[in-house]
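This report is intended for a reader who is new to the structure shown below. Please view the sequence and the model together before reading on.

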Amino acid sequence: MFLSEFFTENNNQVLITPEQASHFAKGVAGDFNPLHDPSNKRFCVPGDLLFSMVLAKYGLSQRMSFNFAGMVGKDVALNFPDTDALSFDINDDNGKVYLAVEREGEVCHDAAVIEAMARNYVEFSGHNFPHILVPLMAEHNVMLNPERPLVIYDSMEFNLTHVNFSEPPKLELAESRLEVNGKRGVAYLIFDVKSAGEVVGTGSKKMMLSGLRAFDQAAIDAFCVQYLASRDNYSA
């Protein structure tokens, strides 16, 4: 299982350390959101790691939706239920829900297909900044606070025509848009799922942006340079 180094599990209860979460965000998703840094006071586990773990444990269904109800912080033990239900929650021992999952249709348990879907999605998802979000913010004349950038993964869903792929699925951006309301914004990334050159499904990712301010080209350029330097330093 390609995710085994990013968590420990005991009796269906999962613990993800900040170091494991950060390693996944940077090394697999290419996501350098400061919220995933172990030293960040607001540290949280990447939603893309939870998404990948659900696929690995429960299989890839034709239609799936993932709603993130809360951020998983440090030392939170998560319960992944042993279930065949079409809807279930990932929660902690206090009953707090962090992720609500719904699914239907055919199910694929082929490990190679699941890994390809997970890797391709989290790479697509992790690269939304700066390549997608910055042009959207410029279009609406807003930007994140460089001192405290806050982008929260709200939900994602996809609908596949089938799960019997002749080639591992790949993802391509089809559309992106940003809706702004004062200091808050909602970004949508719409994607196509392709296999053997054919579109076999569609999906979308929704993100919540907070602390928006007037767009400042010099400030956003400096922030992007810092962000990309973190990526390059990690790769080195």
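Asp 48 is part of helix 2, the helix formed by residues 47–58. The model is a predicted one, and in it Asp 48 is buried but takes part in no salt bridge. A salt bridge requires a distance within 4 Å.

Which residues does Asp 48 contact, apart from its neighbours within four places in sequence? They are Phe 24, Tyr 121, Val 122, Ser 125, Gly 126, Tyr 153 and Lys 205.

## Overall fold

The protein chain contains five helices and 12 strands. Along the principal axes, its C-alpha atoms occupy a box of roughly 50 × 40 × 40 Å. The radius of gyration of the protein chain is 18 Å, in agreement with the value near 18 Å for a compact globule, because the chain has 236 residues.

Of the contacts in the protein chain with a separation of 6 or more, 67% join residues 24 or more positions apart.

## Burial, surface and charge

Among the 236 residues of the protein chain, 48% are buried. The accessible surface of the chain is about 11400 Å², and carbon and sulfur atoms contribute 46% of this area.

The protein chain carries 19 positive and 31 negative charges.

Terms used: Residues numbered from 1 in each chain as written. Predicted model: local features only at pLDDT ≥ 70, side-chain atom pairs only at ≥ 80, totals over all residues. Heavy atoms only, no water. Helix = DSSP H or I, 4+ residues; strand = E, 2+ residues; numbered from the N terminus. Rg over C-alpha atoms; globule rule 2.2 N^0.38 Å. Buried < 20%, exposed > 50% of the residue type's maximum accessible area, 1.4 Å probe, protein only. Contact = heavy atoms within 4.5 Å. Areas by Shrake-Rupley, 256 points an atom, 1.4 Å probe, with all protein chains shown as cover. Lys, Arg positive; Asp, Glu negative; His and termini not counted. Charge placed at Lys NZ, Arg CZ, Asp CG, Glu CD. Salt bridge = Lys/Arg side-chain N within 4 Å of Asp/Glu carboxyl O.
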